[in-house]
Amino acid sequence: MNVCRHIDELASSSEAQAFRVLTERLSEMSEIEPSKGLTSLILKRVELESRCRRDHLCSYAFRPWFGALAAAVVVFIVLALRFLYPASDSSANCVLSDEQWLADSQEQDGSWNPARHGGANSYCPSLTALSALALYRSGGDYSDAVQQARRYLISKQQTNGSFGGEGRELFYNQAIVTFVLAETGSSVSAIETLNNAVDFIHSRQAVDGSWGYATGSEGSQAITAWQVQALSSAKKNGIVNADVCMRKGLRWLRDIASSGKQMDYNIRSGRSSDTISALAGYVLVTAGSDFPEISALGRNVVASIKQQQDSQNPNLYRDCMKVRALKAIGRNAGAQSVKKQMVAVTDDIQNDQWGKVGGRLYYSSMHTLARTY
Amino acid sequence: MNLHLSEDEFLMERVRDVDDRFAFEELVKRHQKKILNFFYRCSVQYGNEDLVQQTFLRLYRYRLKYKRSAKLTTFLFLMARQVWIDELRKRKRVQHLKREFAEEVVRTSRSKTSVSDARLDITGALEKLSDDMRMVVELGVFQGLPYGEIAEVLKIPQGTVKSRMFNALRKLRGILEEK
């Protein structure tokens, strides 16, 4: 119900007509324009506010009594947990439980249901694909589960070639599902699905070769790296259409990396994200392997990522991407060290940046995948 | 699939989830004019840009409370309405500000001699509506929100939105016909 429909519903037609004329007159009233500097003033106020809040929090952190109290609470919790749950699991047992848990939690139709495990349903295609990839790469006997997941994903493709979702979900779902279908085997139906998926990715590519969080928005390194990765895998499966748009995307990533801009979710942030450096660096190294200059650039990007754990910000996606990228450039010791740190992160899904998006499916797939690299 | 419909909500999620300033800037650019005119039509003749700033600051502060189930415009107008209520309270507390405000309105009205009489008639008629009625007209007619969303913003039943809109339109019609 809106005002037009409301007026249409009025019993008196003369009154309805008078109201229509009146609302038209109101709508025609001229509007004022914001001054040119309003946007930057608002952004400055927000920046000032968030800086003040950070400073405020820091001032608490440095108070000795607060630090001592926090340390005492942490020690108490650790001791209590050790008492309640003695550490008996070896890391081999953990491997088994992650994979086994994934296999056990697959739905009848072949999907994994994120809502049941603390994730967001809009990412069901991505999480189903990642869970299937984890089982596929684990080396265990999960071929039935993987095939069932593939059939589910193929059945979910829409007539325009997409795998569903809106905005960023659409682009993540599209790239991750395409990548996983290409990586986990080939069949006639999968080839047709891949062809359609690639055509959809191609249709959403910007003129400069990038992809953004929404159609027509500014290019994003994260989204572009994922699409290039998907196209590269599809190309290896004989999808000819993937080649040209993959090269365009690769060139865009190369230009970003060689211009000295930081790798982040946002091109303009000026910050550097280890996740995106690892993802984009890996893509430059692998998808750009036919071009020595691009591959070398990718190695530099990967070499720039920090290997030490950021314990304040648990992020298994970042760590998994780091392991894969470091392994790809032969830094095995670095990859091993990140893996060890990942094992230490056990139940911190709530604080993980992607925990609310993927829940335990994300947590188990990332753990399993990282071990396979 | 309509991507445009979801873009605001997607950007707001970026602001909420990863404190994405670029997404926030985009939202400011898209909606600042709408919010500015909201305050302008609420008879704020001066300082309305400051209220726009406060609205977006509030949107940023409350970003963690945003849920995708709510349309961003609903959420944003909730913030704007709260800013407007705070502003009214402030004005009531400081009585002399009210006087200054009245003088300001007179001054701005005088300076509007170039504006057409018809527009002045409508502005004058809108000013004669009660705050409750004017808010319904603002959100329903000027911002084009459906009644369900207006009800959410004003925290009143949809039936009340309907009756307020009917009474407001009838009153406006009467005022304009008198002139």
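Chain B holds nine helices and zero strands, where helices (H or I, at least four residues) and strands (E, at least two) are DSSP runs numbered from the N terminus. Read along the sequence, the pattern of chain B is therefore α-α-α-α-α-α-α-α-α. This is a predicted model, in which local features need pLDDT of at least 70 and side-chain atom pairs count only at pLDDT 80 or more, while totals for chains, interfaces and linings use all residues. Residues are numbered from 1 along each chain as its sequence is written, chains are lettered from A and ligands numbered from 1 in the order in which they are written, and side-chain values use heavy atoms, with hydrogens and water left out.

Of the 179 residues in chain B, 53% are buried, a word that stands for under 20% relative accessible area, whereas exposed stands for over 50% and partly exposed for what lies in between (1.4 Å probe, protein chains only). Among the contacts in chain B with a separation of 6 or more, 66% are between residues 24 or more positions apart, contact being heavy atoms within 4.5 Å. Chain B exposes about 8,500 Å², and carbon and sulfur atoms supply 51% of that area; the accessible areas come from the Shrake-Rupley method with a 1.4 Å probe, and for residues only the protein chains shown count as cover.

### The interface

The contact between the two chains takes 54 residues from chain B and 51 residues from chain A. Together, chain B and chain A bury about 5,100 Å², with 61% of it on carbon and sulfur atoms; this buried area is the accessible area (1.4 Å probe) that two parts lose on being put together, summed over both.

Across this interface the rule finds 13 residue pairs in polar contact, with both residues at pLDDT 80 or more. A polar contact is a pair of N or O atoms within 3.5 Å; within protein, one must be able to donate a hydrogen and the other to accept it, and residues adjacent in sequence count only if both atoms are side-chain atoms. On the side of chain B that touches chain A, the elements that give two or more residues are helix 1 (3–18), helix 2 (21–41), helix 3 (48–61), helix 6 (117–127), helix 7 (131–142) and helix 9 (158–178) of chain B. The largest share of that side, twelve residues, comes from helix 2 of chain B. The residues of the side of chain B that touches chain A divide into 26 nonpolar, nine polar and 19 charged, where Ala, Val, Leu, Ile, Met, Phe, Trp, Tyr, Cys and Pro count as nonpolar, Asp, Glu, Lys and Arg as charged, and the others, Gly among them, as polar.

### Salt bridges between the chains

Side chains of opposite charge can pair when their charged atoms come close. The structure holds 31 salt bridges over all chains, and the rule finds nine across the interface of chain B and chain A; a salt bridge is a side-chain nitrogen of Lys or Arg within 4 Å of a carboxyl oxygen of Asp or Glu.

| Residue | Partner | N to O distance |
|---|---|---|
| B:R41 | A:E31 | 3.4 Å |
| B:K162 | A:E9 | 3.3 Å |
| B:K33 | A:E33 | 2.7 Å |
| A:R168 | B:D17 | 3.0 Å |

In the salt bridge of B:K162 with A:E9, B:K162 lies in helix 9 of chain B and A:E9 in the loop between helix 1 (3–8) and helix 2 (13–27) of chain A, so the pair joins two chains. B:K162 counts as partly exposed at 30% relative accessibility, and A:E9 counts as partly exposed at 49%.

The salt bridge of B:K33 and A:E33 crosses between chains, from B:K33 in helix 2 of chain B to A:E33 in the loop between helix 2 and helix 3 (38–61) of chain A. Here B:K33 is partly exposed, at 28% relative accessibility, whereas A:E33 is exposed, with a relative accessible area of 54%.

The salt bridge of A:R168 and B:D17 runs from A:R168 in helix 8 (residues 167–183) of chain A to B:D17 in helix 1 of chain B. A:R168 counts as buried because its relative accessibility is 4%, while B:D17, at 35%, counts as partly exposed. Salt bridges that share partners also join A:E15, B:R170, B:R173 and B:E177 into one network.
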